[in-house]
Amino acid sequence: MLDLIREIETDLEDGWEAASRVELQTAEHTRRAVARFTRALWITLAIMLVFNSERLVTWVNGFGVGPVQDTVVALSVAWNERMLASGFTEPSLAARGKVDELRGASWAEFELRVDSERARAREGARLLRGGLGGGPG
Amino acid sequence: MLFPTIEFGIFFLIVFTVSWAARWTPHWRKLVLLAASYFFYGWWDWRFMGLLLVSTLINYTAGLGLARTTHPVLRKLIVTLAVTGGLAILGFFKYYGFFLTSLSTLLEMAGLERDLPFMQVILPVGISFFTFQGISYVVDVYRGHVRAERSLANVMLYISFFPQLVAGPIVRAADFLPQLHRAPVLTRAHVGVGTVLILSGLAKKMLIANYLATELVDPVFFDPTAVSALDLLIGVYGYAIQIYCDFSGYSDIAIGVAALLGYRFLENFNQPYRAASLQDFWRRWHISLSTWLRDYLYKPLGGNRQGEARTYRNLFLTMFLGGIWHGAAWTFVFWGAFHGAMLGIERYVRRRLDEFAPPNSEAGGIASAIGHGAQHIVGVFWTFHLVCFAWIFFRADSFSTAGSYLAGFARWSDPSQYATPFLVGLIAIAMIFQFTPRDLGRWLAQGLQWLPSPILGLILGGGIWLIWAVAPEGVAPFIYFQF
């Protein structure tokens, strides 16, 4: 995968006569790439603040005691409560719940789940073929 | 400051923004990255920033000295002093306690008990990595592979650049310093590669390594006498995956972060558990260390150019010292010595087999292809289990624990506590990725590099959110920080 970056460097090493053209192009590419990734980073930050506000509270609680820290903690708690009320923390809880379910599953439960998935797939296939009633007999 | 934390996220956001804003004046940009790197290191323990600086100054001065003289004896003296200086610092911080404890035990056994000057020496994080980078710089200048740097800032940035500072990959001066002389560049390719590596690194570390560590490996290695043989087997497989995901996850994030800052590091792992021989394994595992050991230890010892016996000796010594590099404990020494011995045996057996049936003399055809395929599968299976056997000593806190672990393989009738679908599934998923096409990451990076920024942000943010949401609580440190 890192050869993707290497290809760019090879372009830059092509020779002095091509340098100014390549430099101009790469300066423009760099400006665009930086702007593009900066936007992506801000979107990432927004997603984390909205959907992962609980971890924000855990993090700021480790700041210690002081007037600034207390304000930050109060703001984070208020933010988290608002996110909770709006239902934005639901996806995190649902994902964690699914993983906890998997962690606690025994082999018997696992087999049961596989069987039910198989049955569902068979039922889906039957409906797709146009079958309406139950099986023969 | 660990990579998968909010602190690092904020730190990276600031460094990315400020360093690229300063790109029109490359010298200032380097100073920004240098200040960020020392801040990153000082976050662990500010007292060791001086040690990092002293280590850098030794190598910088030696580089200048090598550039100013052509006298062979003087040049040899300079490189010897610089390498010895670096190794002396590493030796004191890393091996002082181990050496005195071993000496005390030895004296006690001989009935010559003495009061030895024991001290509580704190191991500075990343010391093994920045010492090796410093040695790489001085030796490369000595060999003429790289020019001595006149700019102290460049050498300081090379040794302290934060993505690789505390746990590698070990970057070579000849690879990195030329990048500091070029104008900084960020392309769509850098962004695609960086995003894929950061997401894959976080997933490996936070999901696979952390769950395997807390729910399987730690309890099984804590008391191997209390679990069944199946648990011990799953435990060592789990550790093989844990250490791979932990270390390669760190390397992935480091390489990805460096790419987003416009620098290229070399690959550090290449699906190591698909190796069909130990030699192949060491070409795929911790590549920056194994190539470092090859170029700065194995080859100077004579490599394979001085006859069979010396080749075996050099192989053994290189791996033995590689084992000691990992940590100050006899279990690491055994781990290195075992790999060295097995590499020697493997080489010997292969040469004898090649004499018996030369590889090119075989006839083609389906039978031959099936034979090669079967040989490859057996090779992968055998290599993986040899590596797993050595991992038991690497992970165990003492020979006694390792012994109990091995003895426990007799308890096959006991019921298993840890072979749950979740843990077996994690191991299976990680193993499957050892055999996926090598270009999978490249294809993903190529796909990502053309996406508009809102979609890229949704993928990056959504990926990090999902990993954090399902990862275990808390952030466990990376295994290789202790080295």
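Buried area is the accessible area, taken with a 1.4 Å probe, that two parts lose on being put together, summed over both. In this predicted model, the area buried between chain A and chain B is about 4,800 Å², and carbon and sulfur atoms give 71% of that area. On the side of chain A, the residues that lose the most area to chain B are A:Met1, A:Arg36 and A:Phe37, which together make up 17% of what that side buries.

**Chain A and confidence**

- Chain A has six helices and zero strands, and of its 137 residues 26% count as buried.
- Among contacts in chain A between residues at least 6 apart in sequence, 46% join residues at least 24 apart.
- The mean pLDDT of chain A is 82, with 82% of its residues reaching 70 or more.
- Where pLDDT is low, the predicted coordinates should not be read in detail.

**The interface between the chains**

- In terms of contacts, 46 residues of chain A meet 62 residues of chain B.
- Between chain A and chain B there are 14 residue pairs in polar contact, counting pairs with both residues at pLDDT 80 or more.
- The elements of chain A that give two or more residues to the side touching chain B are α1, α2 (16-51), α3 (53-60), α5 and α6 (107-128), and the largest share of that side, 20 residues, comes from α2(A).
- The count of salt bridges between chain A and chain B is one; B:Glu215 forms a salt bridge with A:Arg103, the closest N and O atoms being 2.6 Å apart.

**Salt bridges within the chains**

- Over all chains, a search of the whole structure finds 20 salt bridges.
- In chain A, A:Glu28 and A:Arg32 form a salt bridge with their closest N and O atoms 3.2 Å apart; the two are four residues apart in helix α2 of chain A and so are separated by about one helical turn.
- A:Glu28 is partly exposed, with a relative accessible area of 29%, whereas A:Arg32 counts as exposed at 51% relative accessibility.
- In chain B, the side chains of B:Arg438 and B:Glu267 meet in a salt bridge at 3.0 Å, N to O. Because B:Arg438 lies in the loop between α17 (421-432) and α18 (440-448) and B:Glu267 in the loop between α10 and α11, the pair ties together parts that are 171 residues apart in sequence.
- A network of salt bridges links B:Arg172, B:Arg294, B:Asp295 and B:Lys299.

- B:Asp231, which is placed in helix α10 (residues 229-260) of chain B, is buried yet has no salt bridge, and the nearest side chain of opposite charge, B:Arg411, is 8.5 Å away.
- The side chain of B:Asp231 does make a polar contact with the side chain of B:Ser416, at 2.6 Å.
- Leaving aside residues up to four places away in sequence, B:Asp231 touches residues including B:Val220, B:Pro415 and B:Tyr418.

**An enclosed helix in chain B**

- Ten of the twelve residues of helix α12 (residues 287-298) of chain B are buried, so this helix is largely enclosed by the rest of the structure.
- Among the buried residues of α12(B) are B:Trp292, B:Asp295 and B:Tyr298.
- The buried residues of α12(B) pack against α5 (127-143), α11 (278-284) and α13 (308-326) of chain B.

Notes
Residues are numbered from 1 along each chain as its sequence is written. Chains are lettered from A and ligands numbered from 1 in the order in which they are written. Side-chain values use heavy atoms; hydrogens and water are left out. Buried means under 20% relative accessible area, exposed over 50%, partly exposed in between (1.4 Å probe, protein chains only). Lys and Arg count as positive and Asp and Glu as negative; His and the chain ends are not counted. A salt bridge is a side-chain nitrogen of Lys or Arg within 4 Å of a carboxyl oxygen of Asp or Glu. A polar contact is a pair of N or O atoms within 3.5 Å; within protein, one must be able to donate a hydrogen and the other to accept it, and residues adjacent in sequence count only if both atoms are side-chain atoms. Contact means heavy atoms within 4.5 Å. pLDDT is the predictor's confidence in each residue, from 0 to 100.
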